[in-house]
Every structure is written in C-alpha cells, then in structure tokens.
Amino acid sequence: MIAEKLHEVESEIERSRQNRVRANKNAPVDLVAVTKNHDVNAMREAIDAGVTIVGENRIQEAMKKHELLDRKVSWHLIGHLQTNKVNQAVQLFDLIHSVDSDHLMTALDRAAKKIHKVQDILLQVNLAREDSKFGIYREDLPLLMQKVDAMDHLHLCGLMCIAPNYEQVEDCRPLFREMYEIFQRVQEMPLLTSNIKYLSMGMTHDYTIAIEEGANMVRVGTAIFGARQY
Ligand SMILES: *Cc1c(COP(=O)(O)O)cnc(C)c1O
C-alpha cells in the first residue's frame, strides 16, 4: 500500500518536472517522506520501497524512532526547532530545514561545534508573512545568510518555505514562483562556505505546483502514508 502510493508520488514528481517552464527540467527533485505521526513499521515499508530521506517535525518523536528503526536513511528536521533542543537536533539530523532566527543559528553553531560536526541547514522563509508561521522575512535574508556563512559549524545549503493554506491550491503558484526567483538571486550572492543548492517547498496538496515552479526538494507525508492520526 505504502509502496504503491510512493510510486504514484514518484511519477507525479517526474511529470511535474517535465512541466517546468522557468526552472531547469533536468534538475532532479529530492523527496523527503514526512513520517511524523507514523510508526517505524510504516517507515520501514517506505524505506524498503525506495525512500532515502525521512522528515520529522518533533525531536522527541524522531529520537524514539531513530532508536527503533533498523534501516539506514537520511533524517531531516522540518518542524520548528527550539533553542533548548539544539543539542539533540545536531546529533540526529543530516539537514535542518527550519532555521529561522539569528538566535537559533548561534545556538546550533555552538551545539555542532561541541560534537565536531558541520551541520547542514536551510533557512526558512515566511514569504506570505503569515503570523501563524515561523520563518524569516525575505528582506532579512541577506544579513542572516552572511552571518551563517561566517559560522564554522553551520553549512547553509538553501531555502525552505511553507505556502499558505489557500482554498484554491493554484493560488500558491505566484508565491512559489517568487520563492524560486529569490532562490536564484541568493545563489549569486558572494558567499564563502555556503552552497545554495536546495529549494525545499511543496507538500501533499501543492508539491506538483512547487516542482513546476522550481522546487528541487519536496516534503510529502499524507500522499504516501495516508492521513495522520492525532
Ligand atoms: C507535516 C509537514 C509536511 C507534510 O505534510 P503533508 O500534507 O502530509 O504532505 C511538510 N512540511 C512540513 C513543514 C510539515 O510540517
């Protein structure tokens, strides 16, 4: 069941990639299978069917699963991170999508240093300036990028955004397009250690549009695992 749904998502990803207008059709798309609120059995099934990256949004839940899961996979943190959890976060996650403040960057840099790690991160942008969402405003990007670029134990790899929950999903398209433009612009910034290669945007209801507009990393849960039980 999970395998079938995963393969459907994979073919949708391919189809959307071919439909790209502005972005490069050949640029591959990484799928982050969002496993929050799903158990390790579901994770095993997905990994055995080809998933190589899992996305979690809570540290405690991810740690518990990490202990139980007898499979090799890349772990991504996609949910908001509090500074009091940075030590656990740097131990577990290969990529943290949700870095959204100066304060958090400093705490993560210090935590990564303690374990002699260079932590890969994305900066989360609150493009639609929603009060209900985390993320930095676009005008703060250049300054924060320069700061993170100068940190020895953080490696900036790109940007992440979450589109608003519009009634008409097509309404996300202009925002994704704008985000792709920002992504292209920041790639041209003179940075020393950063390598801006990922644009993480798109979830179950909007990932096809996000890819058409240039996303190269999508975070999909429901379309693979079904609805979450809370
Ligand atoms: C839960 C979540 C997703 C996945 O959502 P689905 O609608 O189940 O695909 C993606 N990104 C973030 C940040 C999330 O919290």
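Predicted model: local features only at pLDDT ≥ 70, side-chain atom pairs only at ≥ 80, totals over all residues.
Reader: What makes the count of disulfides come to 0?

Author: A disulfide needs two cysteine sulfur atoms within 2.5 Å. By this rule the count is 0. Take Cys157: the nearest cysteine sulfur is that of Cys161, 17 Å away. Cys161 is in no disulfide either, with the sulfur of Cys172 nearest to it at 9.0 Å.

Reader: Why is Cys157 called buried?

Author: Buried means under 20% relative accessible area. Cys157 has 1%, so Cys157 counts as buried. Cys161 has 4%, so the label for Cys161 is also buried.

Reader: Why is the pair of Tyr180 and Phe183 called tilted?

Author: Two cut-offs matter here. Ring centres must lie within 6.5 Å to pair. Those of Tyr180 and Phe183 are 6.2 Å apart, so the rings pair. Then comes the angle: under 30 degrees is stacked, over 60 is edge-to-face, and the rest is tilted. The planes of Tyr180 and Phe183 stand at 40°, so the pair is tilted. The whole structure holds 1 aromatic pair.

Reader: Where do Tyr180 and Phe183 lie, and how do you know that Tyr180 is buried?

Author: Both lie in helix α7, residues 173-187. They are 3 residues apart, about one turn of the helix. Tyr180 has a relative accessible area of 12%, so Tyr180 is buried. Phe183 has 5% and also counts as buried.

Reader: What makes Arg129 a charge over the face of Tyr137?

Author: For Arg, CZ must be within 6 Å of the ring centre and within 35 degrees of the ring normal. Arg129 lies at 4.0 Å from the ring centre of Tyr137, over the face of the ring.

Reader: How many salt bridges does a search of the whole structure find?

Author: The search finds 17 salt bridges. The cut-off is 4 Å, from a side-chain nitrogen of Lys or Arg to a carboxyl oxygen of Asp or Glu.

Reader: What makes Glu14 and Arg17 a salt bridge?

Author: Their closest N and O atoms are 2.9 Å apart. That is within 4 Å, so the pair counts. Both residues lie in helix α1, residues 2-18, and they are 3 residues apart. Glu14 is partly exposed, at 35% relative accessibility. Arg17 is buried, at 13%.

Reader: How do you know that Arg22 and Glu213 meet in a salt bridge?

Author: The N to O distance is 3.2 Å, and the rule asks for within 4 Å. The pair links distant parts of the chain, 191 residues apart. Arg22 is in the loop between α1 and β1, while Glu213 is in the loop between α8 and β8. Arg22 has 45% relative accessibility, so Arg22 counts as partly exposed. Glu213 has 4%, so Glu213 is buried.

Reader: Which residues are linked with Arg22 in a network of salt bridges?

Author: The network links Arg22 with Glu170, Arg173, Arg177, Glu212 and Glu213.

Reader: What makes Arg71 and Asp48 a salt bridge?

Author: The N to O distance is 2.8 Å, and the cut-off is 4 Å. Arg71 lies in the loop between α3 and β3, and Asp48 in helix α2, so the pair ties together parts 23 residues apart in sequence.

Reader: Why is Asp48 called exposed?

Author: Exposed means over 50%. Asp48 has 54% relative accessibility, so Asp48 counts as exposed. Arg71 has 28%, so its label is partly exposed.

Reader: Why is Lys64 called exposed?

Author: Lys64 has 61% relative accessibility, so Lys64 counts as exposed. Lys64 lies in helix α3. Lys64 and Val40 are 24 residues apart in sequence and 9.5 Å apart in space, C-alpha to C-alpha.

Reader: Which residues surround the ligand?

Author: Among them are Val34, Lys36, Ile78, Ile162, Met203, Arg219, Gly221 and Arg228. Each has a heavy atom within 4 Å of the ligand.

Terms used
Residues numbered from 1 in each chain as written. Heavy atoms only, no water. Buried < 20%, exposed > 50% of the residue type's maximum accessible area, 1.4 Å probe, protein only. Phe/Tyr/Trp six-rings, centres within 6.5 Å; stacked < 30°, edge-to-face > 60°. Helix = DSSP H or I, 4+ residues; strand = E, 2+ residues; numbered from the N terminus.
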